[in-house]
Amino acid sequence: MPCERKPMRYGHSEGHTEVCFDDTGKFIVTCGNDGDVRIWESLDDDDPQFITVGDKAYSLALKNGRLVTASSNNTVQIHTFPEGDPDGILTRFTTNATHVAFNSSGSRVAAGSGDFMVKVVEVADSSQQKTLRGHEAPVLSVTFDPKDDFLASASCDGSVVVWNIEEQTQVISWPLLQKTNDVTNAKSLCRLAWQPRQAKFLAVPVDTKVHLYERGTWSHASTLTDELLTQPINVVAWSPCGQFLVAGCVGGLMTVWDVNNKQCVERQKHEKGFSVCSLAWHPSGSQIAYTDTEGCLGLLDGLGAFTSDASSAKQAPVKKPANDFDGLFDDDDDRLMDEGLSDTNSPVKKPVAADDEDDDDFLMPATGRVRNRGAILDDENSVDAGSIKLGQDKFDDDDDTGSTVRPPASLAPLHPVYEGPLPTPPQKAFQPGSTPAHLTHRFMMWNSVGIVRGYNDEQDNAIDIEFHDTAVHHAMHLTNSLGHSIADVSQEAVLLACPSTDELASKLQCLHFSSWDTNKEWMVDLPKGEDARALCLGQGWAAVGTSTLTLRLFSIGGVQKEIFSLPGPVVCMAGHGEQLLIVYHRATGFDGEQALAVQLLQFGRRRRQVINGEPLPLSHKSYLSWLGFTAEGTPCYVDSEGVVRMLNRSLGNTWTPVCNTRETCKSKSDHYWVVGVHENPQQLRCIPCKGSRYPPTLPRPAVGILSFKLPLCQTTTEKGQMEEQFWRSVLFHNHFSFLSSSGYEIDEEGQNQSQKEQQELLMKMFALSCKLDREFRCVELAELMTQNVVTLAIRYASRSRRMALAQRLSEIALEKANQVQADEPEEREEEADYTHVRQNSGYYQSDITGARCRNRHNQDEEQEQDEEAAEDEEGPEVETETAETRKRANPFAKEAGSPAKLSHPQTAKVARANPFKVSSGKPSTPSGQPRVVNILDNMTSSRKSAPLTGSTGKSNKSPVLKPLVPRPKSKTQSTLLQMTGTKAASRKPQENTEPAADQQKREEVPPPSSQADNAENKRPKTGFQLWLEENRKSIVAEQPDMEETDVIKEAMGRFRILSTEERLSWTERAKGQSGDAADAKKRKRTGGQDEENGETEADENGAKKKKPLDPSSKLSAFAFNN
């Protein structure tokens, strides 16, 4: 059967679309998701008449000059045709009507609805209605019996029911379909069709087959199948003669059967593979109109040959076989076999000159050899399985008409059919944050600065600009006389562009409202033949991508700057500050995939290309739907599957999926329209769209907020949740490093808070791994920790009696300490250029350890936080400690301008002993010496504002801690001594090992604040300690009744309010006194063994008087949160 598939054209917006012919076949009528009914004179009609029937139109039917539509306002309306004048409402439902149909005479209309009901309404008198109840789910389709006795309906409850209209009862019900809860979730629309004229069969699409049920007996007569049908059939339609049936499936394949012999006579494939949702035969039977779920309209032409042959074969036999063969073979070799062959595959034909009249009808290939007629007619091997077959009963067996003829498809050359991947149509250029350009009222741009709306209707053609912050600029109303179609808005300007016409060139118009002069507008004409496809604004610049694969840069004042070529057609662009992000087509995609590439340019003093044409990752068979930057300047984008991806600068500029908006959608037809992304706080700002991919302009849509979630494995477990929180925190705080390196000011408090969150999560994961006896995993987590958190992990491992783990962690701590010393010169050089230090926990060892080396003005704040943390963490035993204890500095914290010296030459001599061990029998501090306060203790002080448990967004929830029961100190000390002793090659007398260990502890433990202590234990004072000594008298004089603890707290508060320069000066003064103290230490170290033994006895006596707090009890409270 010769059949030509016409190129498809745009009809309606994306969504369900239906089509039908009028009674004369002059008009094609369609309705779609945009609420319009369009009347096309032909497929090439560029200006169809349209009728607006509502926000959405779900179905339509046309008969006798009456147009019936099912719209989104729960009504079935009627209009005159072709005038389109409203003629009333036929009926109403409690929800949307899903399908409408006329009877054969046009006197009745049947409508099915989502409220499970079917209504039959008289067109002349809409008050005459019959309601058919019995379905248990929304109705999919309805169709009238041509004799007007019965009505058939299909429903989401899985049943196909035949009703007696007059009696309003069910005649029969077949459970044929898969059950579902809504029409949008159904596998198939199951559009039923009753055979016209004969009214013999009811066609029911069931999965990949069509069942034919005989009217009256309601028995299953036959089944129409095709081996190439692999996806469910959506809709079926009978030819006007009732002999042929066409079916359209979800995958876009359209198949035509001859019902008499149940043979497939035609196959056509949708050019893009979209689902066919509606079919209609032309009244003459020569054409089939079809629509898809993307709103496009298509046409199959040239079907009249076989329909007329079929009717003529029944009416009268053909007298001359020559004429019969002429009709069969003419132009046959030029048609497509299946959908794989093209016209170029067919041989060139020419007639053979002969005297015989019959011979004139034979065709000769270009080779010059006449084909054997018998082979054409009788050779069964000439027909392959994939070719189209016609039944023998289509042709008469009378001698006058010739022998039985093979179908014309068997004459096609038997070339192999291409079944490989098909090219994907390239995605058209679009503006992120805009709705489709065909809408009369649309968003031209919605971003974090403002909203640009475009209006193009009969009353007005204008542009409205609204700013979220009216302090930026007041709202503006512009007349769109040039027909601008793309726009962007920033805090400096509004940029507009219009396409070219036959008379005018494409123009770029900028409204620079932040300019200080009076001329705030400039315009540029692009060269002839060059159209603007995408544009964006940055800080002081504007960019436009054109149809000639060119990108043009302008200053915000209108100065033309650089121009360069793009490797492919631009898709969209986005700008932020000094960054320009461009996405373009790098190649042709196949099988529904888009082949996109991305470029990221950095302007400013150092112009460079950060990403150079790398492929842009997209979900399977999806396209790009949004592109932009976070509020902090990190590139991100969203694809049509709802997956949000963000650039990970610390992992080689890779793209990490951070959210899937489809997971929160209630229905498959619901989507989220993204308008902005924020990293701190972590928010995805988007507009929920029910049943659509974009929102309407009116009423003003409400913006919702979605949370981010990395798609890690097993996020329902405690381990998976903490891993997801940690890596999400790392990813979403990478912008601190980028902004700092770019010379921007950063939120230092937020940066420190993110560091604390990450380290707390690492410590909790460490504790969980210890509980699960995963010591190797503990070591892996320790590699991600900072130096001070590793010391906490060592204490935790020691308390848990995991000595092998503690030893490995001590080695890691030494490596990190050495790394800190190695990075210190680099840190000093960076302080000259940058005020803030880059911090990035997790990826690079140098970043992990170097981030803890803070500059001078951070040191004093860190000291004060340590003291507050010590007070918050103390138990009953801590209350007995003196005020001097709470003033002690962190022994592992770096002094301002000097590296932290954790490793000592004598450490290696004690068989790599743990540098943090406490020797039993000899306390490291005398009775009056305060305990050591670790810098990581200050993390626990943040519980009041940021608890250890939960995500960052739930900071007001109190944590539930389950600390280990504190053990006596002597027991812990003996445990640590056993660990050190087993590590040594041979056990030495305790008296011999104590001096070296004691000497090491003297260097690590900071000196007491008391002036009467021995100079051997003295360390440089901090700036706060020096300031407190000089101002203690004034504080006590003002409030003489204050206790020592209150004096220190008051001093802390006053020291905090000092300026940065004053605190630095105090730190420098304290640093200047460190030289004398260090010399005194070296002189005292030469003392004899007797003096040390004497000190040991004194220390032991002091320890009996006052027992310092076991630091591991505080660790267990921090680490365990079960």
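## Salt bridges and secondary structure

Arg38 is buried, its relative accessible area being 15%; buried denotes under 20% relative accessible area, exposed over 50%, and partly exposed in between (1.4 Å probe, protein chains only). The model is a predicted one, in which local features need pLDDT of at least 70 and side-chain atom pairs count only at pLDDT 80 or more, whereas totals for chains, interfaces and linings use all residues. Residues are numbered from 1 along each chain as its sequence is written, and side-chain values use heavy atoms, with hydrogens and water left out.

The side chain of Arg38 meets that of Asp36 in a salt bridge, defined as a side-chain nitrogen of Lys or Arg within 4 Å of a carboxyl oxygen of Asp or Glu. Asp36 is likewise buried, at 12% relative accessibility. Side chains of opposite charge can pair when their charged atoms come close. Across the whole structure, a search finds 28 salt bridges. The table lists three of them with their N to O distances.

| Asp36 | Arg38 | 3.6 Å |

Glu723 and Lys719 both belong to helix α4, four residues apart, or about one turn of the helix. Helices (H or I, at least four residues) and strands (E, at least two) are DSSP runs, numbered from the N terminus. Glu723 is partly exposed at 22% relative accessibility, and Lys719 is partly exposed at 29%. Helix α4 spans residues 718–732 and also contains Trp727, which is partly exposed at 27%.

Glu775 is partly exposed, at 30%, while Arg802 is buried, at 16%. Elsewhere, a network of salt bridges links Arg108, Glu122, Asp148 and Glu166.

Strand β34 (residues 461–467) is joined to β35 by four bridges, and Ile463 has Leu478 in β35 as its bridge partner.

Notes
Pairing = 2+ DSSP bridges.
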